[in-house]
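This briefing is for a reader who is new to the structure.

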Amino acid sequence: MSINFKKIEDSLKAEAKKLLEEGKVSIVLAYKKGYDDKHPMPYVARKISDVENIVFNEYCTANMARYLVRYPRGTKIAIAVKASDSRAVIQLIQEDKVKREDLIVLGIPVYGMKNFKTGKTIDSKTTCGIYNPVLYDVLLGEEVHGQPVVPPYGVLIEYEKIDKDARWAFWEKEFDRCIRCYACRKACPMCYCDPCFIDQNKPKWGEKSPESHGNLMYHLTRFHHLAGRCIDCGECSRACPVDIPLYLFHKKVAKECEEMFGQAAGMSIEDKPVLVNFRVDDSDKILE
Amino acid sequence: MLFEPKILGIACNWCTYTGADLAGTTRLQYPQNLRVVRVMCSSRINPSFIFRAFQLGADGVLVGGCHPGDCHYNTGNLYARRRLAVTKKILEFAGIEPGRFRVEWISASEGNKFAEVVTEFTKQVKNLGPQTKFKIEQQPSLEKI
Amino acid sequence: MKKTAIQKISDLAAELLEKGTLVAPIKEDAGFNFREISDAKQVDLNFYNTLMSPKSAFFPQTEDFVRYNKNKSVLEAQCVDMNLGPVFLFGVRPCDVKSFEIMDIHFSGTGAVDPYWKKRREATTIFGYAFDPNAPADGADFYSTLGIGAADPEGSDIFMIKKGDDLLFKAVTPKGENLLASLSSLADASKDEIKYFDETVVSGRSFKTRFTCVDTKVIAKKLEDIFHKTEFWDKVSEACLSCGVCTFVCPTCYCFDICDETLFSQGVRRRVWDACMFTDFTLEASGHNPRTKVYQRLRQKICHKYSFHIRKYGVISCVGCGRCTRNCPVNIDIFSIVDEALKE
Amino acid sequence: MCSNNPYIPMPVEIIKIIDEVDTHDIKSFRLKFLNKEDEAKFKYLPGQFSELSIYGKGESPIGIASSPTEPGYVEFTVQRAGAIQPGLVTAALHDMDEGAKIGLRGPLGNSWPIEFLEKKNIVVVGGGFAFTTLRSLINYMLYSDNRSRFGEITVIYGARTSGLLLYKDELAAWEKRDDIKTIITVDKGDETWKGREGFVPAVCKDIAPSPKNAVVVICGPPIMIKFTLPVFFELGFSKENILTSLEMRMKCGIGKCGRCNVGYKYVCSDGPVFSLAELDELPRDF
């Protein structure tokens, strides 16, 4: 079975049009054509005439949940989400950044998306590998059945196996490349702090220059801040101009959180993020 | 020369810090490698403190808090437990030896335990040797350039 | 005019390495980048264009000014010397070469002179390298729109054009001529090759990338006129994440921050690239920030490059290399916005 | 690299610290150059600014409060900043004692256009803490050799309370002189306050300086400027004859770092002094 992107695009347009016509939402977050067909851009449709510009193809990888926090509270928003994007929406609802009742979630079950920079197919090595949106009001297209090609945490195995010194050498090399453009945090739907801890000057957590120690501080702390909140959409690594495999670390932290606290991020709007929650019977073993 | 590790201790004001006091007043012997920072609660510990400590040259970090259930603020250490567990996993995946970071629950009356933990932890860190991975190389001092 | 086989490029690199520092494109995990070469074999010319722009050869991301000891008197602070020998910047595309001229006007042409830029510029010999006019453009760049040819030798000291398996070298400036004469690993070029070189330079001018040519003065005026049209800027910036990728990869973005970085007592005052897209770029200590919104920052970026810069220095601050477009996480195309603005 | 490098500060010593206001968050620092050559090079005019530099903290652009007619030192009046983003430099400066050594880069920016002001009547309007470069200008004009070059001088200076007035001794001295008209007002005076009460716009309306051959030099909080400008327009002042000084985040101070870019101007090198007519040409982005 393959995904019929044209059909999804059509139903997305129809749904957006209907919602705007009925006045149920004031904006629709979707995609539009960029400078060519292979490079679509996030798009905000505000008028019925805008709907024509909406596109959906295999390069529409951007996580639109990133834009939710930009609009004033109470704005009625319809948002087109893929599987991991819907988890971001759930996580934002959990953190009270958006209200469930303000959102109309247009779920898109999809697989085989392609990275517009490299043209490679995105699989569960770099993302969560779920096919169907977890939360939706309207499902555009048909549910996809089947298991991910690679288990979502499968890619970690080889890195967990290697010796810790080799792992450090690996990360040192990767972080050294960082140019501190902050595309990772800006592309991340869960990174909405203003100011970000790294921009504070008192206390100054890390240096601004892209040297290894400042980079290490920035990335490690960012991984920590996203512990139990990262929904594994892989946007950070795709946004990175120097290809740092940030998804690896995020996956590792997500996996540990899931194992320790028995809850994955962004799966249910009733959950609380694991690090702002506790159980009295949490085992001390997690500290070992 | 024998390697003497630098160990940062972050101790909660109500239990571990008082426990350390007790260890002192009862004249228990424990290694001098520990430098203690007092915080009001173990949940006040920002994980960045720990990353920063390793960057600034700590060979080990020991965090002390009240026993779960005994927190002066009722639930502080229960949050801290989860948070520090994540910190530990992050350090481990980045390549820091897990033995360099430890969380212990030590109450105000457990001066003995405090001395024991510090002795044992120091020994452990000593065996691991100097921590060089996170440590920032110093800017050359003015005299050298 | 000289030539060498592309396979033998490492011989030339070895010779240049003996004469000084060689900065050339090498293949890295994320793409090609200009780096200081230690091994002549690293040089790799099989690139369309590099990921980061070559501006870092003259304007590195961090530049140390002063070393100090926090606990000692200011009198003991020491300036950091550059100790520059001859530098060879190898394989710069024509549009990037153009960017150096634009940056020259800013850093050493008007007002106070930036000594770091100037010294580095003087120490460097630039080897320009033509785009292949027979190969298609990559789709993101638009240098021809701004009047830059695919094989414009101006601005380089020595210009290189690929002909089949050979690389042709022509000196453009006296500095380049002296260097070219002293290079023993190069052979003399034939008449045919000289002809091919000149023809390629000419045909490069008619090579077309995206967009049609527009007078820069028209763009400048138009952007100034619509500066206060908030709806327009709101519309074009709604996808913008306000990260710093576009400015960091840009060959003509020069904004920087001056930071003091202290560890224990030793510290260094240095300048670090900064980006007008960051929220704290204009945040004053009083708490006032004139550009809190994404649209204000994107507007500043675009208007600065395509309008203010022209009014202040007479040249557009863009060379159409397409790096910002290629690397944008959300595929914002800067010139499409300008194009849209012209239609407003 | 050290010589003629615009990024390297000159060493100076703090020779005097004056606590200016009763909230103790504004102090004047009198600085003396440690190298004679630096002092000779440091030729400035009222309205220019400098970067005060403390290694380990950073740099801060501050307007020069002393006048070039006061030889031997340069003075800066600095407010401890940091309601939102902690002001590292100003805080460190406030914690310093006399005798401490810091760095100074400058003079930077343009100045009040002295030649343009010559032979004209000058109305100086200041509010609160933004009086520093105005004080420099007034002292420059009042200097015995210079006084004859300028026409009538009117100073209107307001602050929230009498305790927040800067340079109290000098204000008193000006009030006694007959070649300068000094009007000092506070928003709300306490029991000891015997002077004028009221906001600056109202006072300006009251005084109603004649626009004939006159120039207004105005500096103050945005809200004051917003309400004072209409008063002067009504009196018949043209935009070319109203001058003000802009504030913007700066780093390099020499027009290189791009931070203070507004329109085609850099506030640091093309400013900070602009006439309203010039400001009208710039986009409202500051």
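Domain bounds come from an automatic or database domain assignment. On that basis, chain A is divided into domain 1 (5–139) and domain 2 (154–287). The model is predicted. Among the five pairs of chains in contact, chains C and D share the most contacts.

**Domains of chain A**
- The C-alpha centres of domain 1 of chain A and domain 2 of chain A are 24 Å apart.
- Domain 1 of chain A puts 25 residues into the contact between the two, and domain 2 of chain A puts in 22 residues.
- On the side of domain 1 of chain A that touches domain 2 of chain A, ten residues are nonpolar, eight are polar and seven are charged.

**Domains of chain D**
- For chain D, the domain assignment gives domain 1 (10–107) and domain 2 (114–245).
- Taken over C-alpha atoms, the centres of domain 1 of chain D and domain 2 of chain D are separated by 24 Å.
- Their contact takes 18 residues from domain 1 of chain D and 14 residues from domain 2 of chain D.
- The side of domain 1 of chain D that touches domain 2 of chain D consists of seven nonpolar, eight polar and three charged residues.

**Contacts between chains**
- Chains C and D share the most contacts of the five pairs of chains in contact.
- In the contact between them, 44 residues come from chain C and 39 residues from chain D.
- Strands β4 (58–63) and β6 (101–108) of chain D each supply at least two residues of the side of chain D that touches chain C.
- Of these, β6(D) gives the most to that side, with three residues.
- The side of chain D that touches chain C divides into 18 nonpolar, 13 polar and eight charged residues.
- Chain B and chain D, in turn, do not touch, and their nearest C-alpha atoms are 13 Å apart.

**Nonpolar core**
- The largest nonpolar core has 323 residues, of which A:Ile79 and A:Val89 touch the most other members.
- Leaving aside neighbours within four places in sequence, A:Val89 is in contact with A:Ala65, A:Ile79, A:Val81, A:Leu103, A:Val105 and A:Leu135.

**Helix α7 of chain C**
- In helix α7 (residues 230–237) of chain C, the buried residues are C:Trp233, C:Val236 and C:Ser237.
- These residues lie on the same side of α7(C), because they cover an arc of only 90 degrees around the axis.
- The elements that cover the buried residues of α7(C) include α9 (294–313) and α11 (334–343) of chain C.

Methods. Residues are numbered from 1 along each chain as its sequence is written. Chains are lettered from A and ligands numbered from 1 in the order in which they are written. This is a predicted model: local features need pLDDT of at least 70, side-chain atom pairs count only at pLDDT 80 or more; totals for chains, interfaces and linings use all residues. Two residues are in contact if their C-beta atoms, placed from the backbone, lie within 7 Å. A nonpolar core is a set of buried Ala, Val, Leu, Ile, Met, Phe, Trp, Tyr and Cys residues joined through C-beta atoms within 7 Å. A residue is buried if 20 or more other C-beta atoms lie within 10 Å of its own, exposed if 12 or fewer, and partly exposed in between; C-beta atoms are placed from the backbone. Helices (H or I, at least four residues) and strands (E, at least two) are DSSP runs, numbered from the N terminus. Ala, Val, Leu, Ile, Met, Phe, Trp, Tyr, Cys and Pro count as nonpolar, Asp, Glu, Lys and Arg as charged, and the others, Gly among them, as polar. The arc is that of the directions from the helix axis to the C-beta atoms.
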